[in-house]
Amino acid sequence: MENTSQFLHLSEREMLDLWKTMMHLQPVRRECTIEREDGVDVDALLLIRIRQWYAALLQSAPEGVVPVEDVKDRVRLEVASNGVVTAVIPPECVRPVEWKLTAWEKSVTLFLEPGVPEEAYLHNEWTRPCTCNPAAVDYGNRLLLFSQPAGEQPSLATARCVVRPADGTYVFHASALSSAGEKWLRE
């Protein structure tokens with residue numbers, strides 16, 4: 001992962017403890033004993049909300065707040081006869097940040113969604129962008145990259161994506177904690 005030296009790296013247990021502290025559920029007072037059989041499983045409820053929060057953070061936070069990794073060595077490329085390249089994205093990738101084929105003159109950092117009006121011109125051979133003004137459409141598990149010069153095999157110079165850590169840890173910049181749990185504190 002790129003430049004995560006100022007990031008928090010927390011296990012699920014550490015994240016749960018942090019949220020409990022932020023929500024004033026810790027430290028637990030031990031002066032008395034109370035037993036209930038119908039109580040809410042606070043840990044289970046918080047874990048669901050922590051996972052929701054982290055998924056939303058990975059989906060929308062700027063790249064300086066979430067882990068970004070160059071995954072070019074794990075991407076499978078397929079090129080069509082018209083020069084459109086399909087890049088199959090590894091499952092740990094949440095969203096693309098910056099992509100560049102070696103034949104392109106610059107990187108793509110704005111990824112179109114399928115079905116937007118701007119996408120229509122990409123599929124027409126006369127209006128499709130060339131290597132000096134590339135474009136990409138994000139289909140979630142794959143990207144369509146426009147376009148590769150005819151007769152050349154595509155290769156990636158850069159394939160930077162926001163990634164979900166494979167070991168299940170929570171990796172993010174400490175500044176993101178300001179949004180952690182705020183919605184649920186009001187409920």
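In what order do the four strands of the open sheet lie? Select strands S3, S4, S7 and S6, and you will see them side by side in the order S3-S4-S7-S6, with antiparallel pairing; strands here are DSSP runs of E with at least two residues, helices are runs of H or I with at least four, both numbered from the N terminus, and two strands pair if DSSP finds at least two bridges between them. The model is predicted, so local features need pLDDT of at least 70 and side-chain atom pairs count only at pLDDT 80 or more, while totals for chains, interfaces and linings use all residues. Residues are numbered from 1 along each chain as its sequence is written, and side-chain values use heavy atoms, with hydrogens and water left out.

Stay with the sheet and colour its edges, strand S3 (76–79) and strand S6 (135–138), each of which pairs on one side only. Then select strand S4 (residues 85–88) with strand S7 (residues 142–146), which are joined in the antiparallel sense over four bridges; here Thr-86 stands opposite Leu-144 in S7.

Next, show Arg-142 and Tyr-139: Arg-142 lies over the face of the Tyr-139 ring, 4.4 Å from its centre, where a charge sits over a ring if NZ of Lys or CZ of Arg is within 6 Å of the ring centre and within 35 degrees of the ring normal.

Now move to the aromatic residues. Rings of Phe, Tyr and Trp (its six-membered ring) pair if their centres lie within 6.5 Å, and planes under 30 degrees apart count as stacked, over 60 as edge-to-face and the rest as tilted; by this rule there are five aromatic pairs. Trp-19 and Trp-53 make an edge-to-face pair, at 5.8 Å centre to centre and with 70 degrees between the planes, and this pair links helix H1 (residues 12–22) to helix H2 (residues 42–60) across 34 residues. Trp-19 counts as buried because its relative accessibility is 0%, buried being under 20% relative accessible area, exposed over 50% and partly exposed in between (1.4 Å probe, protein chains only).
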